[in-house]
Amino acid sequence: MSVVIVGTLDTKGEEVGFARDVLRSQGVDVHVIDTGVMGEPEIDPDTTASEVAEAAGTTLEHLRDDAERGEAMEAMGEGAAAIAQRMHDDGELTGVLGLGGSGNTSIATTAMRALPVGVPKVMVSTMASGDTEPYVGAKDVMMLYSVADIEGLNQLSRKVIANAALAMVGMVENEPDVSVEDRPTIGVTMFGVTTPCVQTARAYLEERGYETIVFHATGTGGRAMEDLVRQGVIDGVLDVTTTEWADELVGGVLNAGPDRLDAAAETGTPQIVSTGALDMVNFGPRDSVPAEFEDRHFHIHNPQVTLMRTTPEENAELGEIIAEKLSAATGPTALYLPLSGVSMIDVEGEDFHDPEADAALFEALRENLAESVELIEMETDINDEEFARAMAEKLDEYMQEAGLGPE
């Protein structure tokens, strides 16, 4: 098995060659993938740029002569991803290391995101000190800021690249002393304002013999859970916190995209869903909130996070969307409604308490939910222990009926 290095060898051949040599000096096999489009490689690759282009269904000649830069970068990313995925499936890849500026960072991390969680992924990049979400996505990509541009070898770049290479050596050459129990796994979504609910439900499920993986519902968290459900890593879902749909609908910064709530429905995975934190849309610092929302009601969660209360009209639309998603489920599905508050700050006496908005959400869910979805309404708030335990017990019931529960 080899560590794959993804680099544009027409411009970064010297640096890629240095990283390759550091890895080899530690006894690690290396496979270099060339993603350079414009010129000839400065070192010999193991997979050529032509082969990368062909893996994306195009040719290097087309990308050089006829394509815009964006199209060429996208194609090389697709090709590198296809090659990396094939190598992994064939047992030929043990980790991926990337070096580059914005172009190869996009290409190399596309390849990294095609690989399962747990495969070592290290990206040395000039972009690592900014917004890394487009590169990391919902995967375990490690970003290392290059400090200086990756243009030639010097006392600084040698040290940074060598550190990245040695970090990769450490990951591929050592088996972590982590015990893995063969237990059915439950994916759970959480926000700070739904934490007590999740803690109660999690304690019950783990006592029953399940393993739980909790995802912070910040957009990437929801996408990560959806991805792991599709991979079969997660056997059941306790989707307490569906707040990412509020950001998707209204325009907040923590949206998980329009496919949120699709994975469990399409795969038939048992799921319990609730309305956690649908009272809020998330933004950054207060002065980052778009001007169109200036007349809305806000709650300053901390200096970096501003929450905006959803309106009755938005909640009605959210109810329609969530009901449609759950109604398409092919597996056992229940929706739990906490009629006294969907978050810690939506209860009576707190800042986002708005019975009219909550009522619009609940009514839209009732009106649009298919009969195949079990609907349970409780006169508690979402963080009430009785509510949390009821959801956990129902999921356990579904898992047992599906033959997925603990032995």
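Colleague: How many salt bridges does the structure hold?

Modeller: The structure holds 24 salt bridges. Keep in mind that this is a predicted model.

Colleague: What makes Lys121 and Asp140 a salt bridge?

Modeller: Their side chains meet at 2.5 Å, N to O, and the cut-off is 4 Å between a Lys or Arg side-chain nitrogen and a carboxyl oxygen of Asp or Glu, so the pair qualifies. This pair links distant parts of the chain: Lys121 sits in strand β4 (residues 121-125), Asp140 in the loop between α6 (133-136) and β5, 19 residues apart.

Colleague: Which residues are linked in a network of salt bridges?

Modeller: Glu226, Asp239, Glu244 and Arg260 are.

Colleague: On to helix α14. How do you know that its length agrees with what a helix should span?

Modeller: α14 has 17 residues (385-401), and at 1.5 Å a residue they should span 24 Å; the end C-alpha atoms are 24 Å apart, so the two agree.

Colleague: What caps the N-terminal end of α14?

Modeller: Asp384 does, with a side-chain oxygen 2.8 Å from the backbone nitrogen of Glu386. A polar contact needs N or O atoms within 3.5 Å, so that distance passes. After the helix comes Gly403, which has a positive phi, near 75°.

Colleague: Why can Glu393 and Arg389 be described as about one helical turn apart?

Modeller: They are four residues apart in α14, so about one turn separates them. In general, an α-helix has 3.6 residues a turn, so residues three or four places apart point the same way. Glu393 and Arg389 form a salt bridge, with their closest N and O atoms 3.0 Å apart. Glu393 is partly exposed at 35%, and Arg389 is partly exposed at 42%.

Colleague: Which residues of α14 are buried, then?

Modeller: Among them are Phe387, Met391, Leu395 and Tyr398. What covers the buried residues includes β6 (185-190), α8 (195-208) and β13 (333-338).

Colleague: How do you know that Thr275 is buried?

Modeller: Its relative accessible area is 1%, under the 20% limit, so Thr275 is buried. Thr275 is found in the loop between β9 and β10 (280-283). Leaving aside neighbours within four places in sequence, its contacts include Val240, Tyr336, Leu361 and Ile382.

Colleague: What makes Thr269 buried as well?

Modeller: Thr269 comes out at 8% relative accessibility, which is also under 20%, so the label holds. Thr269 lies in the loop between α11 (263-267) and β9. Beyond its neighbours within four places, Thr269 touches residues including Val229, Ile234 and Pro332.

Colleague: Last one: why is Val147 called partly exposed?

Modeller: Val147 has a relative accessible area of 49%; exposed means over 50%, so Val147 stays partly exposed. Together with Tyr145 and Leu156, Val147 makes a nonpolar surface patch of about 250 Å². Val147 sits in the loop between β5 (142-145) and α7 (155-173).

Definitions and conventions: Residues are numbered from 1 along each chain as its sequence is written. This is a predicted model: local features need pLDDT of at least 70, side-chain atom pairs count only at pLDDT 80 or more; totals for chains, interfaces and linings use all residues. Side-chain values use heavy atoms; hydrogens and water are left out. Helices (H or I, at least four residues) and strands (E, at least two) are DSSP runs, numbered from the N terminus. The expected span of a helix is 1.5 Å times one less than its number of residues. Buried means under 20% relative accessible area, exposed over 50%, partly exposed in between (1.4 Å probe, protein chains only). Contact means heavy atoms within 4.5 Å. A polar contact is a pair of N or O atoms within 3.5 Å; within protein, one must be able to donate a hydrogen and the other to accept it, and residues adjacent in sequence count only if both atoms are side-chain atoms. Patches are made of residues with over 30% relative accessible area and no salt bridge: like charges are joined within 9 Å, nonpolar side chains (Val, Leu, Ile, Met, Phe, Trp, Tyr) within 5 Å. Accessible areas come from the Shrake-Rupley method with a 1.4 Å probe; for residues, only the protein chains shown count as cover.
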